[in-house]
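I opened this notebook to go through one structure step by step. Each entry below records what I looked up and what I found.

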Amino acid sequence: MSTNLKYLSLGILVFQTTSLVLTMRYSRTLKEEGPRYLSSTAVVIAELLKILTCVLLVYKDSKCNLRTLNRVLHDEILNKPMETLKLAIPSGIYTLQNNLLYVALSNLDAATYQVTYQLKILTTALFSVSMLSKKLGVYQWLSLVILMTGVAFVQWPSDSQATAAKEHSAGSQFVGLMAVLIACFSSGFAGVYFEKILKETKQSVWIRNIQLDAKKYSENRGFFGSIFGLMGVYIYDGEQLSKNGFFQGYNKLTWIVVVLQALGGLVIAAVIKYADNILKGFATSLSIILSTLISYFWLQDFVPTSVFFFGAVLVIAATFLYGYDPKPAGNPIKA
């Protein structure tokens with residue numbers, strides 16, 4: 001049963017990662033009449049869906065008892081204000097990161113984005129060393145060097161990719177690259193910070209997710225993330241919001257992107273529980289390959305080059321190598 005769950009969660013991760021990147025890219029470059037949907041509002045709605053899903057999961061863990069659910073949420077969130085305050089930092093950072101992903105995919109093709117975004121392995125490793133005092137092995141440090149080299153090759157400018165980008169993107173590759181790099185640093189810091197909090201307390205992952213997300217967008221309780229998310233909407237898109245409304249430009253594709261983004265964190269939680277590092281590396285590799293093929297044959301906004309393929313192979317190899325855990329030869333001596 002555990003094996004089936006492991007491969008099922010792996011398959012769901014590949015589907016969610018690949019489909020989110022491709023649909024988000026397509027939705028941001030699709031030329032339609034009228035105003036385009038605001039990415040800041042899409043982030044807000046995705047987080048609201050995440051809250052609802054987490055509450056339902058806690059409800060299930062509470063044996064479908066509303067009184068128990070209410071007591072758990074009250075005891076773990078409202079009665080622990082200092083624990084909730086600790087999540088103000090990652091709440092704001094995750095809001096920034098989610099908005100940056102829209103910026104990145106408005107300026108980069110899906111394949112280049114997928115490969116470049118693997119730099120979050122590097123930032124997470126560096127933050128883990130500095131914040132959690134983790135020690136990396138030789139294979140892990142080597143994989144980080146290979147990773148940086150691979151991303152450098154992927155970002156190597158070429159005439160064919162520049163032409164394709166101009167035809168399908170409203171911005172520049174530099175803007176997209178900067179957005180990905182900032183997202184990688186924010187992802188690494190927020191992820192390690194969240195791990196640090198989890199190790200210091202005994203609350204469930206679902207409760208922590210509710211704290212993170214409810215703080216983002218709960219108007220009634222005034223959680224921190226609601227301020228961050230809604231401030232982003234009104235500061236950056238306030239003028240368009242007043243003209244065309246909160247749901248301007250929304251269509252079926254937009255709602256698919258929102259749902260896929262909402263499911264992302266929950267899928268990762270399932271993979272962490274059931275899959276190992278090798279399988280997660282395998283999922284990343286499959287997602288990169290699928291994104292490359294679909295970008296070339298379907299979206300037609302990407303022209304692969306030998307330099308890109310070489311860099312992508314290095315990134316995939318680095319992903320596997322980082323999760324490699326060499327086992328000592330022979331049987332350990334028991335005391």
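Entry 1, the core. I began with the inside of this predicted model. The largest nonpolar core has 46 residues. I looked up which of them touch the most other members, and these are Tyr102, Tyr113, Val115, Tyr117, Leu147, Val180 and Phe308. I then picked Val115 and listed its contacts, leaving out residues up to four places away in sequence. Val115 touches Val151, Val154, Ile288, Phe308, Ala312 and Val315.

I counted the secondary structure and got 15 helices and 0 strands. The chain has 335 residues, and 48% of them count as buried. I also checked contacts with a separation of 6 or more, and found that residues 24 or more positions apart account for 84% of them.

I looked in the UniProt record, an unreviewed entry, for the annotation "transmembrane region". The record places it at residues 7-26, 38-59, 136-154, 174-194, 220-236, 256-275, 282-299 and 305-324. I checked two of these ranges against the model. Residues 7-26 are 100% helix and 0% strand, with the end C-alpha atoms 28 Å apart. Residues 174-194 are also 100% helix and 0% strand, and here the end C-alpha atoms are 30 Å apart.

How many disulfides does the count come to? I got 0 disulfides. For my own reference, a disulfide is a covalent bond between the sulfur atoms of two cysteines. I looked up the accessibility of two cysteines anyway. Cys184 counts as buried because its relative accessibility is 1%, under the 20% cut-off. Cys64, at 49% relative accessibility, counts as partly exposed, because exposed would require over 50%.

I located Cys64 in the loop between α2 (39-61) and α3 (66-78). Ser133 is another residue other than glycine with a positive phi, near 60°. I found Ser133 in the loop between α7 (120-131) and α8 (138-154). Is Ser133 buried or exposed? Ser133 has a relative accessible area of 60%, so it counts as exposed.

Lys243 counts as exposed because its relative accessibility is 62%. Glu239 is exposed too, with a relative accessible area of 58%.

Definitions and conventions
Residues are numbered from 1 along each chain as its sequence is written. This is a predicted model: local features need pLDDT of at least 70, side-chain atom pairs count only at pLDDT 80 or more; totals for chains, interfaces and linings use all residues. Side-chain values use heavy atoms; hydrogens and water are left out. UniProt positions are given in the numbering used here, feature names are shortened, and annotations may be inferred rather than shown by experiment. Helices (H or I, at least four residues) and strands (E, at least two) are DSSP runs, numbered from the N terminus. A nonpolar core is a set of buried Ala, Val, Leu, Ile, Met, Phe, Trp, Tyr and Cys residues joined through side-chain atoms within 4.5 Å. Buried means under 20% relative accessible area, exposed over 50%, partly exposed in between (1.4 Å probe, protein chains only). Contact means heavy atoms within 4.5 Å. A disulfide is a pair of cysteine sulfur atoms within 2.5 Å.
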